[in-house]
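Please look through the sequence and the structure shown below, and keep both at hand while reading the report that follows.

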Amino acid sequence: MSDEEFMREALEEARRGGLAGEVPIGAVVVLDGAIVGRGHNEPIARSDPTAHAEIVALREAAQTTGNYRLVGAMLCVTVEPCAMCCGAALQARVARVVYGAPDPKAGAVRSLHRLLDDERLNHRTAVRGEVLAGESAALLRGFFETRRR
């Protein structure tokens, strides 16, 4: 599958989160061409500020593989990850992060910081941004427009 096809899977996760009243962000973790972890935002449902889509998907992937190190994995997420989620991807030794819409207020991949390729850290992660960014942004816009009404 291509990055775009995996992003469509992440978008489906985001929709699930939105239907549950969470900010519609979704993520999948891919290893050896197969999805090993899925997640959408769940901080409200779990009363957990760390339950971002990326963290939920990384936790599931670690459980699925039986290893907290996800060497060679790709994290595909609908919105540019925040500092916490970038840190988790680095700790898991994720090889690539693919994201949809940029996040000018909290994005730590390119928008505010460049955590995934900071040479001071002991691991760096390849990045591809703005994959199906329009669809990801539209999902967020629709969610927040509905909330404001």
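Arg-93 is found in the loop that runs between helix 4 (83–91) and strand 4 (96–101). The model is a predicted one, and in this model the phi angle of Arg-93 is near 65°, which is a positive value in a residue other than glycine. Although Arg-93 is buried, it has no salt bridge, and the nearest side chain of opposite charge, that of Asp-118, is 14 Å away. A salt bridge would need a side-chain nitrogen of Lys or Arg within 4 Å of a carboxyl oxygen of Asp or Glu. What the side chain of Arg-93 does have is a polar atom that lies 2.9 Å from the backbone oxygen of Leu-90. When neighbours within four places in sequence are left aside, Arg-93 is in contact with Arg-69, Leu-70, Val-71, Gly-72, Asn-122 and His-123.

A positive phi is also found at Asp-32, which is not a glycine and has a value of about 55°. Asp-32 is placed in the loop between strand 1 (26–31) and strand 2 (34–40). Is Asp-32 buried or exposed? With a relative accessible area of 77%, Asp-32 is exposed, because the word applies to values over 50%.

| Residue | Phi |
|---|---|
| Arg-93 | near 65° |
| Asp-32 | about 55° |

Not counting residues up to four places away in sequence, Glu-13 touches Gly-26, Ala-27, Arg-38, Gly-39 and His-40. The C-alpha atoms of Glu-13 and Val-28 are separated by 8.1 Å, while the two residues are 15 residues apart along the chain.

How much space lies in the largest pocket? The largest pocket holds about 410 Å³ of space, and among the 22 residues that line it, Val-23, Ile-25, Val-79, Asp-103 and Leu-140 are the closest to its centre. Helix 5 (residues 133–148) gives the largest share of the lining of this pocket, with 6 residues.

Key. Residues are numbered from 1 along each chain as its sequence is written. This is a predicted model: local features need pLDDT of at least 70, side-chain atom pairs count only at pLDDT 80 or more; totals for chains, interfaces and linings use all residues. Side-chain values use heavy atoms; hydrogens and water are left out. Helices (H or I, at least four residues) and strands (E, at least two) are DSSP runs, numbered from the N terminus. Buried means under 20% relative accessible area, exposed over 50%, partly exposed in between (1.4 Å probe, protein chains only). Lys and Arg count as positive and Asp and Glu as negative; His and the chain ends are not counted. A polar contact is a pair of N or O atoms within 3.5 Å; within protein, one must be able to donate a hydrogen and the other to accept it, and residues adjacent in sequence count only if both atoms are side-chain atoms. Contact means heavy atoms within 4.5 Å. On a 1 Å grid over the protein atoms alone, a cavity is a set of points where a 1.4 Å probe fits but cannot get out, and a pocket is an open set with protein on both sides within 12 Å along at least five of seven lines; lining residues have an atom within 4 Å of a point. Grid points are joined across faces, edges and corners, and a volume is the space filled by probe spheres set on the points.
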